[in-house]
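Visitor: Please show me the structure, and then let me ask about it.

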Protein chains: 2
Amino acid sequence: MPTAQSNGSQGTHFFPIVHSLKNYTRRDFDGDIFAGIITAILLVPQSIAYAILAGLPPQMGLYASILPTACYALLGTSRTLSVGPVSIAAIMIASALATPEISALGDSVQSALILAAESGIIMLMMAMLRMGGLVNFISHPVLAGFTSGAALLIIASQLPQLAGLKPPSCGFNIACYQHYLQGYNAATLAIAIAALNILIFFGKPLSSLLKKLKLPLTMVTGISKCGPLLTVFLATLAATYFGLQAQHGVSLVGEVPSGFPSLRLDFIDITKWKILLPSATFIALIAYVESVAIAKVTANLRGEKIAPNQELIALGAANLVTAISGGMAVAGGFSRTMVNFSAGARTQMAMLIAAAILSVSVIFFSAWFANIPKAALAAIIIMAVFRLVRIRHIFHTFNYDRGDGFAELVTLLGVLVLGIEKGITLGIILTLASQLRKTSHPHIAVVGRIPKTEHYRNIKRHAVETWHHLLLVRIDESLTFANISYVEDYLADELNRQPNIKHVVLIFTSVSDIDTTALEALEKINQSLQVSGKTLNISEAKGPVLDKLRKTDFLEQLKPGKAFFRTEDAAKELG
Amino acid sequence: MPTAQSNGSQGTHFFPIVHSLKNYTRRDFDGDIFAGIITAILLVPQSIAYAILAGLPPQMGLYASILPTACYALLGTSRTLSVGPVSIAAIMIASALATPEISALGDSVQSALILAAESGIIMLMMAMLRMGGLVNFISHPVLAGFTSGAALLIIASQLPQLAGLKPPSCGFNIACYQHYLQGYNAATLAIAIAALNILIFFGKPLSSLLKKLKLPLTMVTGISKCGPLLTVFLATLAATYFGLQAQHGVSLVGEVPSGFPSLRLDFIDITKWKILLPSATFIALIAYVESVAIAKVTANLRGEKIAPNQELIALGAANLVTAISGGMAVAGGFSRTMVNFSAGARTQMAMLIAAAILSVSVIFFSAWFANIPKAALAAIIIMAVFRLVRIRHIFHTFNYDRGDGFAELVTLLGVLVLGIEKGITLGIILTLASQLRKTSHPHIAVVGRIPKTEHYRNIKRHAVETWHHLLLVRIDESLTFANISYVEDYLADELNRQPNIKHVVLIFTSVSDIDTTALEALEKINQSLQVSGKTLNISEAKGPVLDKLRKTDFLEQLKPGKAFFRTEDAAKELG
């Protein structure tokens, strides 16, 4: 995407934040500080929850919300993207760490650090090779199917936690499930139900209540986003006060080391790096694609611009920093970014403030985190990813474009049945193959003139004038090795049907390029038409195509056939 | 390619030869018998030479010219294609058999039979899955580069044989080469030089001499194609008469078993089948692509038609038959087919006659074949493949289309450096990737009206009328996930440049499809235009595209923007 990139280098610097802070006002700061605080309030429980979802110690989520968040704020082109632990990356980490190959190597913390570092390096390499455009090869339906599938996997992994159960291993044995469910923990379930109720109430019901009270919109946003923190706070209070762990077997987060993460580089292990490379590639790809998609949403709302290549640099650096500072892999989170944006964030300063709050909380409050019941975190995760499951979206897509709907469904089922990485690979291959198939079956129309105009349209769809000896054929695709034999066959069939045709005119309005294979085929078509006393002509060929044809003797070969400027000219002369 | 296939099932039968022989006349038979004899004269030395090139016993080439040739004549849609041993397939077999993995398994004859059988089965499976269209994914430049590369490898393998040398193993050591070359065999070299002279004389010099003598063209063809047989005959005579093997160390072909091949199925070995599968796939692909390309050349000259799927069946069956009857893998040969065609072959009967002559020669003359000097065969091979090396063709291609020229060069170098299979894979991947890259960078033009017409063209290339508040943009490609963000960036840049624009009209003449990702992006573009008080419009959308858009509320969202039937209407209303 040369346009976007040249744009990026004009409009932004290596530190886009400098540009944002050029005319920084008191009003901007007010917005940023409020948004920063609100986002931090959301970030604390999410960080711990997503670390646990990934199967990692809670501090790895917290650390991922300090330096990496600040790093992205300094380097990223989005003013409001909240980079830190996200649910999809967390389940991808969990799934990578759970493969027998990797779990056999032990030390999952080290593996997670390597995953983050490798993802970061991959993104930086993609930036160097200017491969930001690669994001275009994951279509929205594939991304939607992948997100739904991953969210369903997350929910399935968290449901047992609500009742204090371990993941089931019953297969299709119903009796086994009955026995399994009896092992539930009543106190855990009570906390989970209370948590879910608070979270649901802090969604729509509270917002509309506050709106009825005519509170300012930022206040409404601020208050309604405190749900997760309040849930954690109340659940922790209950757990501490009633000694739920010791007396009722409620499982808690456990000790979180106090203080700032120490920077370390002692996770270098070549064997592991090799084995983790494919998983890291997937994490890099998804983290990048999702982050840019989210960044674009808020940028569009404010008429700002995202530079894909600079995003690769910013996200890559953030992931390298998270690895060095003991955190998990990071990406831009959708809900946090929307909260940050609607709480009034004006610049990247908001995220710097959020990162500062996180570092303060790690230094002073980490002892408190130890008593958070895991069930409350599971409830927060489930509520957060629930809206990502969009089954009806598949029908919606299918209705508009069958191929896309099919790709979305296959990707979702692929993620559920084959796993995260194979599922998304399947989706990408499917769309690339269908893309190739489409270009190899170009739309071709025999056209005629709309009466009293110079306008030519498909004879199958419009009442048009045609001529007895003249065949006007519009080919709606560039001519390449992939589709030229389809065009050849189409012309042969059409000429078989209409043996009286004397002149064939190929209308090149949609032909942006003719490659070598296609040119050779056109020469053959021309020869065989000439043998049977017919002429081949072209019309409305674009400048670059004509330039290319003039390098060869093709236009000479056509004679008495011609290259007409307009189809109208061809119709007047040959019709 | 549905068109071609439906055509195939209409125009041909499972035995297309039945169709060819329907109105068979005495004149047809005269042409066929002459062509059959001439082709057989060429086929005998080629069969032995290509078997030796493949590193196989000579009879495997001869057997491959009997039943497989007849089998293709019965099933193929080309009336003149000469199927049998070919040089490119031979070097592919040699290269497969030379890999350490396969040579470690021993019994190269069995391996060659498995390669042929697997290639046949792969072609038949491709026919069942109607994958004849797959041939379109090998572009002509890749095929040309591959052919040049393979031909160079063949020449390199045969040159030492001319002097009775083994292949050198000197690397870059010049002293080693000096010592190596001293091991040449004088008698062998003498035979080779004589053979080359005869072959060169039987090329152009003899033809023009005979033409000057006003001989009929078929006679000229007939006589000038006897060069290889005469070469073999004279060389064998010399070898026998002077006892060249015993007294001067000239290496001969050696014993060729007499009589007809016995049918056998005892080459089934699962391990080998698995290991040989990739090589067999490449042989199947290349044999199919080259055969169809050659068949099309002669079919076009006579206005006949090739049915790709029936060709897969015919070539697949021929390769299964060659394996069962103890022969090497087969394909359509270019030089033989041209000889057959220009000697006057009218139907598949010519090849049935050639096969009959081959079987007679195997029964009666096989003892004579034992004394053929290998150097004479090497000379025949070198002269046959020399015209396949087309280095200048690369410059020709490069001049027309840089990407294609690059692909041709890379494929050629790939074949030489990495080997046959990796070389062609590299070429195919390169063209597919560049195909994807092209569709992701569609041609987009801002257009204006050619004065006094209703015709709109690129403002950069033509003197056109434009309007102050109106931006007419023509997108020359279907809108898909792969290119929509490029379009988005293009529009954003254009609007930045011209802030006074009030109405944007996207001209969809070349847009045959809009996929889900592109539709979502168009909706976003429309929203952001509306926010800044501009309208988005479309014009000249084709029927199928409008049908699809009407399934959504996109056209509603556009309001006050519109879908115009013609760009002219948009210019009148908005201009």
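Visitor: What pLDDT does chain A average?
Guide: This is a predicted model, in which local features need pLDDT of at least 70, side-chain atom pairs count only at pLDDT 80 or more, and totals for chains, interfaces and linings use all residues. Residues are numbered from 1 along each chain as its sequence is written, while chains are lettered from A and ligands numbered from 1 in the order in which they are written. pLDDT is the predictor's confidence in each residue, from 0 to 100. In chain A, 98% of the residues score at least 70, and the average is 88.

Visitor: Where is confidence lowest in chain A?
Guide: Helices (H or I, at least four residues) and strands (E, at least two) are DSSP runs, numbered from the N terminus. Strand β1 (residues 83–84) of chain A has the highest confidence, at 96. Over residues 1–12 of chain A the pLDDT is below 50. The lowest mean, 38, belongs to helix α1 (residues 2–11) of chain A.

Visitor: Which element gives the largest share of the side of chain A that touches chain B?
Guide: Contact here puts C-beta atoms, placed from the backbone, within 7 Å. By that rule, 53 residues of chain A are in contact with 54 residues of chain B. Elements giving two or more residues to this side of chain A include α1, α9 (140–162) and α22 (391–400). The largest share, six residues, comes from α26(A).

Visitor: Are helix α9 and helix α23 of chain B roughly parallel or roughly antiparallel?
Guide: Axes are lines fitted to C-alpha atoms, for helices over the stretch in contact, with angles from 0 to 180 degrees between N-to-C directions. The axes of α9 (residues 140–162) and α23 (residues 420–440) of chain B come within 10 Å and cross at roughly 165 degrees. Angles under 35 degrees count as roughly parallel, over 145 as roughly antiparallel, 65 to 115 as roughly perpendicular and the rest as oblique. The two helices, α9(B) and α23(B), are therefore roughly antiparallel.

Visitor: Which strands stand at the edges of the open sheet in chain B?
Guide: Six strands of chain B form this sheet, in the order β4-β3-β5-β6-β7-β8, with mixed pairing. Strands pair if DSSP finds at least two bridges between them. Each edge strand has a single partner, so one side is left without a neighbour in the sheet: these are β4 (456–458) and β8 (563–564) of chain B.

Visitor: What is the bridge partner of Ile538(B) in β8(B)?
Guide: Strand β7 (residues 535–539) of chain B pairs with β8(B) in the parallel sense, over two bridges. For Ile538(B), the partner in β8(B) is Ala563(B).

Key. Two residues are in contact if their C-beta atoms, placed from the backbone, lie within 7 Å.
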